[in-house]
Amino acid sequence: MGLFSRKNSSKPSVNGDTVSIDSGRSRVSEKPTVTNGGRTPAASTAKRATIPEVSIPRPPDPMLDPAAYLRSIYAVRERSIFVLQKAKCNQLAHFVVDMEKFTDTASFVVSIIKRDFAQDYASIPAHGRWQHFEIGGRPRVDQLIQSWPSTVDVQERTRRLIDLFMVSVLLDAGAGPQWKYKSKESGRMYRRSEGIAVASLEMFKVGMFSSEPAKPCQVDGAALRRLQVETLARGLQATDENPIAGLEGRTGLLIRLGEALRNQELFGTTARPGNMLDYLLSHPSTQASSVPIVLLPTLWSVLMDGLSGIWPATRTQIDGVALGDSWPCSSMPQSPPAEPWETIVPFHKLTQWLTYSLMGPMTKLLKIHFAGSELMTGLPEYRNGGLLIDTGLLTLKPEDVQRGLRAYQKNSMRKGQPNMEVVPLFSADDDVIVEWRAVTVGFLDELLVEVNRMLGLRGGDTLSLAQMLEAGTWKGGRELAEVSRPNTKEPPIMILSDGTLF
């Protein structure tokens, strides 16, 4: 049973069947129970706590409910494996794969990790939004927490951080090369993800996302539902001279979040994202040990099912069910003879980024352990994917290069769009982008094994995937972009963004 009971709450129980991580079609085979081996996204917490083995619920059977399966976290890795297998045989539709460059790619990631963390690898934080708030070495989240009176207990502090992190992550699509943000507090200029982080924090502190003037440091549905594009533009300092990509899409996403927060079972009567904490702690599958143990699939269900209405309705569907960030891919098994669902590869990048980010405050403040966090994958976005291209592991095929360059030229004629350091450009649903993202997920898993081997880390000392993303691949991809394309710092392939994917 849950750690805390909630009145008038009826939640389905989670069965204790073990999870299969088989990548086959029907996935009816079973493998040993997946556990974290006592590890949490924060390695230091894991070393202080003894975590018992916890059974993870089985994923939906795709032969019975393909939509539920493709929306699950299990499907991301399992389906991407098909594209990885083709990549290793150099049989991708759009990329040439040079496996001789794989070691070079891993060596570059290792060099970044060694440079920044020397031998103190255990101090590497898990990938998440928290670090973006600390741009410039300023501990903004800690300072925010310290600004609250002692009457605000640790659970309410955690709720407030969940509020902040959710809005900040949902705003965190690619800002574009021109946008910048001048902090009202420090006067310094920030760009990209860190700029959006600082901007969202400063908007949060003045109550832009709260409907209660006496409680500025919260996010609630009433405030989000009345949000306007002009209001968000002012908060982000976006103008014609300082354009941010996908402003309307970002605004619409937050407005739809306001609607989703009406779900009182998940988000309480005050319609706050932070109220999911009470749901998680009181869930029947949550266990009390030396620390609270929450199943990762339970958190995933809150975010995937509870927020399903915020994603554009035009996304891929099966049997009328929207699949979110899931797309047909020519490198997947094709129908016929394959079933229609088998042609689709899911990513759920923003939901995964949100999951990684929300685990941070819950782990740091309440020491919650998320059992099954190893089900999470590397994020299929342009920094991780750009790393694979800029190190030579992947090369876009000539015919796709030409098609992408034509699209770039056409897009460059639009006001505010980049027109230097020309690279191929594609829409998010283009088969090039879908294949690129799928092979990125697969190679990130491969890189984790090789990076740990090169660092000489074994057993409980190995880096988690979330740590490698934070200290190596995401950072390395960005740094290579800055060196390779110093004027725009864009990835080697550009993606048309509507503010709801990247």
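Predicted model: local features only at pLDDT ≥ 70, side-chain atom pairs only at ≥ 80, totals over all residues.
**Entry 1. Leucine 92**

Setting aside neighbours within four places in sequence, I found leucine 92 in contact with Val83, Lys86, Ala87, Val97, Ser331, Lys397, Glu435 and Val439. I located leucine 92 in the loop between helix H3 (73–88) and strand S1 (95–97). Its relative accessible area is 2%, below the 20% cut-off, so I recorded leucine 92 as buried.

**Entry 2. Alanine 245**

I next looked up alanine 245, which lies in the loop between H10 and H11. The relative accessible area of alanine 245 is 27%, which places it in the partly exposed class. Beyond four places in sequence, alanine 245 is in contact with Gly174, Ala175, Gly176 and Arg250. For glycine 174 I also noted the C-alpha separation from alanine 245, which is 6.9 Å across 71 residues of chain.

**Entry 3. Aspartate 220**

Which side chain of opposite charge is nearest to aspartate 220? I found that it is arginine 226, at 6.5 Å. A salt bridge requires a distance within 4 Å, and aspartate 220, although buried, has no salt bridge.

I then listed the polar contacts of aspartate 220. Its side chain is joined to the side chain of glutamine 218 by a polar contact of 3.1 Å. A polar atom of the aspartate 220 side chain also lies 3.3 Å from the backbone nitrogen of alanine 222.

As to position, aspartate 220 sits in the loop between helix H8 (192–205) and helix H9 (221–225). Not counting residues up to four places away in sequence, aspartate 220 touches Phe209, Ser210, Ser211, Glu212, Leu261, Thr270, Ala271 and Arg272.

**Entry 4. Backbone exceptions**

Where do cis peptide bonds occur around proline 336? I noted one between serine 335 and proline 336, with omega about -15°. Another joins proline 336 and proline 337, with omega about 5°. Proline 336 is in the loop between strand S8 (326–328) and strand S9 (344–346), and I placed proline 337 in the loop between S8 and S9 as well.

I then turned to positive phi values. Glutamine 237 is not a glycine, yet its phi is positive, about 60°. Glutamine 237 occupies the loop between helix H10 (229–236) and helix H11 (247–260). With 24% relative accessibility, glutamine 237 counts as partly exposed.

Histidine 348, also not a glycine, has a positive phi of about 50°. I found histidine 348 in the loop between S9 and helix H15 (349–366). Is histidine 348 buried or exposed? At 2% relative accessibility, histidine 348 counts as buried.

**Entry 5. Helix H15**

I finished with H15. How many of the 18 residues of H15 are buried? I recorded 16, so H15 is largely enclosed by the rest of the structure.

I also checked the length of H15. At 1.5 Å a residue, its 18 residues should span 26 Å, and the end C-alpha atoms are 26 Å apart, which agrees. After H15 comes lysine 367, for which I noted a positive phi, near 60°.

Notes: Residues numbered from 1 in each chain as written. Heavy atoms only, no water. Helix = DSSP H or I, 4+ residues; strand = E, 2+ residues; numbered from the N terminus. Buried < 20%, exposed > 50% of the residue type's maximum accessible area, 1.4 Å probe, protein only. Contact = heavy atoms within 4.5 Å. Expected span 1.5 Å × (residues − 1). Lys, Arg positive; Asp, Glu negative; His and termini not counted. Polar contact = N/O pair within 3.5 Å; in protein donor to acceptor, adjacent residues only side chain to side chain.
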